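Hi,

Here's the structure I said I'd pass along. Have a look at it first, and my notes follow below.

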Amino acid sequence: MDRRKEPRLKVEFPVRIWGIDRMARPFAEVVRVINVSLSGALLLGVRAKISAGGLLDVQHGKQKAQFRIAWASSGEVGIEALPAQPCIWEVALGKTLDMVGAG
């Protein structure tokens, strides 16, 4: 049973992420988002060794926001938007919803 508060939409696009890894070293990478919701996303291809509870900065196009790392495992990372942070997925969500509505 899915316990999510809101639906996630399957999309795929690159984002830039940066933060501090488990060894307290800064990192920056380009990874892929494979699904999004208004309050979070699933990242794929993360090479940095990061831990749940940490913070991650994410840039999609010109939009930037900070997220909390909900979980991390084998290159996949679930992130949750922090309060008062902008929704940086709006363009992707809008395009996806337009395509769904046109079907």
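Starting with the contact pattern: of the contacts in the chain with a separation of 6 or more, 47% are between residues 24 or more positions apart. Bear in mind that this is a predicted model.

On the overall layout, the chain has 6 strands and 1 helix, and they run β-β-β-β-β-β-α along the sequence. There are 103 residues, 34% of which count as buried. The chain exposes about 6,700 Å², with carbon and sulfur atoms supplying 55% of that area.

How far does the confidence go? Mean pLDDT for the chain is 85, and 82% of the residues reach 70 or more.

One residue I looked at individually is Lys-64, which sits in strand β5 (residues 63-73). Which residues does Lys-64 touch, leaving aside its neighbours within four places in sequence? The list is Trp-18, Val-58, Gln-59, Pro-86 and Ile-88. Ile-88 also gives a sequence-versus-space example: Lys-64 and Ile-88 are 24 residues apart in sequence, and their C-alpha atoms are 6.4 Å apart in space.

That's it from me for now.

Cheers

Definitions and conventions. Residues numbered from 1 in each chain as written. Predicted model: local features only at pLDDT ≥ 70, side-chain atom pairs only at ≥ 80, totals over all residues. Heavy atoms only, no water. Helix = DSSP H or I, 4+ residues; strand = E, 2+ residues; numbered from the N terminus. Contact = heavy atoms within 4.5 Å. pLDDT = per-residue confidence, 0-100. Buried < 20%, exposed > 50% of the residue type's maximum accessible area, 1.4 Å probe, protein only. Areas by Shrake-Rupley, 256 points an atom, 1.4 Å probe, with all protein chains shown as cover.
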